[in-house]
Amino acid sequence: MATPQDPVSGDRLSVSVADLPAGGTYPWLTATVVPRPIAWVSTLDADGLLNLAPHSFFTVASAEPPIVAFTSVGTKDTLSNIRATGEFVVNLTPRRLADQVNVTGTNFPPGVDELAEAGLTAQPSDVVAPPRVAESPVAIECVSEGERNFGRSTMVFGRVVHLSVWASVLAPDGLPDVRLLDPVSRLGREEWGALGEVFSLVRPRYHSPT
Ligand SMILES: Cc1cc2nc3c(=O)[nH]c(=O)nc-3n(C[C@H](O)[C@H](O)[C@H](O)COP(=O)(O)O)c2cc1C
């Protein structure tokens with residue numbers, strides 16, 4: 001395995017985006033912006049058919065109001081359903097469900113129930129219409145806050161209206177314990193990541209000299 005080079009004197013590869021072929025930046029970004037958490041997005045289409053698909057271009061977009069965002073590369077069923085119904089659920093993906101997450105990333109035609117394909121169970125959500133994944137310990141229920149388009153990619157914003165969390169993954173302080181969530185993440189290529197070392201740091205505060 002390659003070891004990291006000396007940070008100051010080591011050689012660097014200079015990658016000019018303008019010189020890369022169309023789409024050539026994508027594998028660089030997915031191999032460098034790592035690890036990425038996975039939003040396992042459940043939606044309903046206009047006829048009430050359930051859809052589930054993983055999206056690793058996923059983050060918190062706003063603290064207050066609470067908004068999460070994920071990006072659809074191309075117009076997929078998930079995006080079409082949110083445009084049609086305005087609601088979605090982000091289910092978190094524990095390591096033990098990695099194979100099922102992968103199955104739901106198959107390019108099934110519209111109308112295929114990915115939960116059934118992956119052997120998962122739909123469970124009614126508390127506030128929004130799309131069901132959550134019963135096997136997932138956290139469901140973030142969202143109402144669409146619109147989208148931002150970049151070429152073929154669409155970033156979808158969702159206002160968080162409800163959280164549903166297994167009591168068994170909570171730490172004594174009442175928040176989820178990351179070791180109990182045991183999230184699986186996406187890396188570059190075909191690589192996935194599991195939780196590694198967890199450590200705590202107290203953020204320093206600057207105090208101006210009096
Ligand atoms: C772990 C994982 C992460 C993925 N992340 C994304 C993503 O961020 N954006 C995207 O458009 N597709 C992503 N995909 C591919 C979609 O899940 C795939 O195209 C899926 O078929 C879309 O389903 P849908 O048409 O039901 O929405 C990912 C696939 C996997 C397995």
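Between β1 and β11 (residues 185-186), the antiparallel pairing extends over 2 bridges. Within β11, R186 is the residue that stands opposite R36.

## Confidence of the prediction

The protein chain has a mean pLDDT of 95, and 97% of its residues reach 70 or more. Among the elements of the chain, the lowest mean pLDDT, 94, belongs to helix α4 (residues 114-118). The highest, 99, belongs to strand β6 (residues 87-91).

## Surroundings of the ligand

The ligand is surrounded by 19 residues, of which A53, K76, D77, T78 and G105 are the closest. By residue class, this shell comprises 10 polar, 6 nonpolar and 3 charged residues.

Several elements contribute to the shell. At least two residues each come from β3 (50-55), β5 (67-73), α2 (77-85) and α3 (98-103). Strand β3 provides the largest share, with 4 residues.

## The largest nonpolar core

The largest nonpolar core of the model contains 28 residues. Inside this core, the residues with the most contacts are A39, W40, V41, V89, V90 and I140. At least two core residues are supplied by each of β2 (39-44), β3, β5, α2, β6 and β9 (138-150). The greatest contribution is that of β9, which gives 4 residues. In soluble globular proteins, nonpolar side chains tend to be buried together.

The contacts of I140 can be listed individually. Leaving aside residues up to four places away in sequence, I140 touches V68, V89, V90, V160 and L163. Two of these partners, V89 and V90, are also named among the core residues with the most contacts.

Strands β3 and β5 and helix α2 each supply at least two residues of the ligand shell. These elements, β3, β5 and α2, likewise each supply at least two residues of the core.

## Cis peptide bonds

Which residues are joined by a cis peptide bond with omega of about -10°? This bond links V34 and P35. P35 is located in the loop between α1 (25-32) and β1.

A cis peptide bond also leads from E64 to P65, where omega is near 5°. The loop that holds P65 lies between β4 (58-62) and β5.

D182, a residue other than glycine, has a positive phi near 45°. It occupies the loop between α5 (178-181) and β11. Is D182 buried, partly exposed or exposed? D182 counts as partly exposed because it has 17 C-beta neighbours inside 10 Å, a count between the limits of 12 or fewer for exposed and 20 or more for buried.

R189 also has a positive phi, of about 45°, although it is not a glycine. The position of R189 is in the loop between β11 and β12. With 9 C-beta neighbours inside 10 Å, R189 is therefore classed as exposed.

Key:
Residues are numbered from 1 along each chain as its sequence is written. This is a predicted model: local features need pLDDT of at least 70, side-chain atom pairs count only at pLDDT 80 or more; totals for chains, interfaces and linings use all residues. A residue is near a molecule or strand if its C-beta atom, placed from the backbone, lies within 6 Å of it. Ala, Val, Leu, Ile, Met, Phe, Trp, Tyr, Cys and Pro count as nonpolar, Asp, Glu, Lys and Arg as charged, and the others, Gly among them, as polar. pLDDT is the predictor's confidence in each residue, from 0 to 100. A nonpolar core is a set of buried Ala, Val, Leu, Ile, Met, Phe, Trp, Tyr and Cys residues joined through C-beta atoms within 7 Å. Two residues are in contact if their C-beta atoms, placed from the backbone, lie within 7 Å. Two strands pair if DSSP finds at least two bridges between them.
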